[in-house]
Amino acid sequence: MKKGLIFVSVLLAVLSQLVTGCDGMDENYATGSNYNLRFSTDTVSFDTIFSTIGSTTKQFMVYNIFDKPLNIQSIELAQGEKKGFRINVDGLKGTNFQDVEVRPNDSLYVFIEVTVNPNGTNQPLLIEDSVIFTTNGVKQAVKLQAFGQDVVLCKGGTILAKDTLLTSKQPYLVYDSLVIAKDATVTLEQGTRIFMHDKANLIVRGTLIAKGTRTAPIIIRGDRLDKLLDNLPYDLIPDQWGGIYFASTSYGNILDHVVVRNGSSGITMTQADPEKSKLIIGNSQITNSDGYLFSAVNCNIEAYNTEFSNSGEAVVMLVGGRYSFTHCTLANNFAFGARTVPTLILSNNLTNAENKVVLYPLQKADFQNCIIDGNLSSGELALYYQQGTSQDAFNYQFTNCLIKSKEEANVHFTDILWGTSPGYRLSGEAGDYRYDFRPDSTSIVRGKAARSFSVKYPLDRFGVNRLNDSDGPDIGAYEYIREANE
């Protein structure tokens with residue numbers, strides 16, 4: 001019994017010391033105005049946020065650089081919930097926090113999100129707030145900034161069932177799909193911007209007329225406006241949305257000065273009547289696709305002054321039909337995975353879902369003053385010919401083109417530059433993922449285009465007059481211009 005009493009007495013004494021020590025913790029806080037906080041940044045900035053659509057989460061860190069704990073008397077979102085910002089302090093949500101301890105030489109996280117209310121204007125509007133920290137009577141602030149942009153939200157499978165004009169006043173945000181119904185014509189005004197959410201598709205069963213200008217192009221891209229890394233915005237990463245699909249009922253489409261980028265696929269055209277114009281595309285850029293960038297089955301397509309670039313599969317795949325490509329740049333320096341498929345595929349056959357080979361006569365595939373290039377060492381042109389009946393036509397012609405492939409000496413190739421890349425201003429080297437497929441000063445495509453084809457398209461994609469070049473017009477979608485530092 002005595003031993004039990006002694007044990008209990010010792011235990012109570014120890015607990016008493018521990019409690020006394022805990023009670024003294026407050027007395028150990030560093031006090032005085034010299035003891036304040038450090039922050040990983042003084043400003044947290046969000047890229048443009050679409051109104052009513054929440055942002056991604058950003059963060060900053062709060063540091064105690066001293067050997068004693070600090071007591072933050074308050075952490076407060078200055079405007080509360082008025083501006084749309086929300087904060088989370090070390091896992092707790094709110095707008096005001098009291099007596100937050102930061103241990104010696106330790107830190108805590110503050111997470112920020114924002115949802116912007118409609119601002120009633122067509123231009124982005126700056127939204128500002130701040131997180132106020134009060135420590136030992138000293139107030140410190142981290143600024144919060146975001147630009148809010150009103151949008152026309154297309155959600156729930158929007159179907160445009162009649163002739164419609166989409167204007168450039170506000171961007172369009174497509175959350176799942178935007179469908180142009182059969183017999184409907186949708187016209188995009190110059191400068192129109194369409195932002196596509198994850199997996200969203202633009203499905204054209206009728207007709208799409210998209211005519212931008214060099215200074216006000218039409219842009220169709222993913223809706224992520226932030227960055228994965230400091231030097232890598234999501235806009236440079238493929239597979240941010242679905243793609244554009246032209247159904248077999250769709251004819252008479254026009255894309256002029258249009259930019260389509262960072263989808264899962266770029267533009268896909270299903271089987272059609274090759275005697276009817278499916279698409280005329282000019283002065284445009286289709287780029288940065290995870291799958292096939294531009295593919296067509298048995299279609300009638302005219303392309304000029306257009307860049308088709310960077311995809312995980314073929315940049316251009318044409319099966320059967322009638323095609324004319326003049327002054328186009330087909331370049332594949334895809335950097336987001338290993339690829340095995342050449343830049344350009346021409347074929348007169350396709351294997352269907354039942355694993356049967358179906359023939360589609362390739363009535364015409366003419367490439368004039370074009371670049372076919374990429375980073376495959378095995379060559380960037382593939383010709384898949386299936387012999388059969390009268391449906392086995394395989395007619396193609398390359399004239400005054402650069403083709404990175406093994407030389408083929410036959411009547412289908414005239415005045416070809418074989419086996420080498422032309423030389424570009426920026427080709428995505430050093431992992432910066434930026435590309436500028438205009439020829440550089442040493443490019444071998446300079447002056448090598450056939451003027452007889454250039455006369456039809458005297459201006460390149462950026463409006464440079466290729467007929468004024470004293471060396472003659474250049475192969476590809478772009479004419480060389482001297483840079484200021486040359």
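Modeller: Residues are numbered from 1 along each chain as its sequence is written, and side-chain values use heavy atoms, with hydrogens and water left out.

Biologist: What pLDDT does the chain average?

Modeller: The pLDDT is the predictor's confidence in each residue, from 0 to 100. The chain averages 91, and 93% of the residues score at least 70. Over residues 1–25, however, the pLDDT is below 50, and this stretch has 1 contact (heavy atoms within 4.5 Å) beyond near neighbours in sequence. Where pLDDT is low, the predicted coordinates should not be read in detail.

Biologist: What makes a space a cavity, and what makes it a pocket?

Modeller: On a 1 Å grid over the protein atoms alone, a cavity is a set of points where a 1.4 Å probe fits but cannot get out; a pocket is an open set with protein on both sides within 12 Å along at least five of seven lines. Lining residues have an atom within 4 Å of a point. A search of the whole structure finds 1 cavity of 30 Å³ or more, and about 30 Å³ of space lies in the largest cavity. A volume here is the space filled by probe spheres set on the points, which are joined across faces, edges and corners.

Biologist: Which strands each supply at least two residues of the lining of the largest cavity?

Modeller: They are E26 (258–261) and E29 (285–289); strands (E) are DSSP runs of at least two residues, numbered from the N terminus. Among the lining residues are Trp241, Val260, Arg261 and Thr287.

Biologist: Why are the residues of E26 called buried?

Modeller: Buried means under 20% relative accessible area, with a 1.4 Å probe and protein chains only. Val258 and Val260 point one way from E26, Val259 and Arg261 the other way, and all are buried, so each falls under that 20% limit.

Biologist: Which residues are the closest to the centre of the largest pocket?

Modeller: The largest pocket has a volume of about 490 Å³. Of the 28 residues that line this pocket, Arg261, Gln285, Thr287, Glu307 and Tyr435 are the closest to its centre. E45 gives the most to the lining, with 4 residues.

Biologist: How many residues of that lining are charged?

Modeller: Asp, Glu, Lys and Arg count as charged; Ala, Val, Leu, Ile, Met, Phe, Trp, Tyr, Cys and Pro as nonpolar; and the others, Gly among them, as polar. By these classes, the lining of the largest pocket has 13 nonpolar, 7 polar and 8 charged residues.

Biologist: What makes E1 and E7 edge strands?

Modeller: An open sheet has 5 strands in the order E1-E4-E9-E6-E7, with antiparallel pairing. Strand E1 (38–39) and strand E7 (92–94) each pair on one side only. E1 pairs with strand E4 (residues 58–63) over 2 bridges, and Phe39 has Val62 as its bridge partner in E4.

Key:
This is a predicted model: local features need pLDDT of at least 70, side-chain atom pairs count only at pLDDT 80 or more; totals for chains, interfaces and linings use all residues. Buried means under 20% relative accessible area, exposed over 50%, partly exposed in between (1.4 Å probe, protein chains only). Two strands pair if DSSP finds at least two bridges between them.
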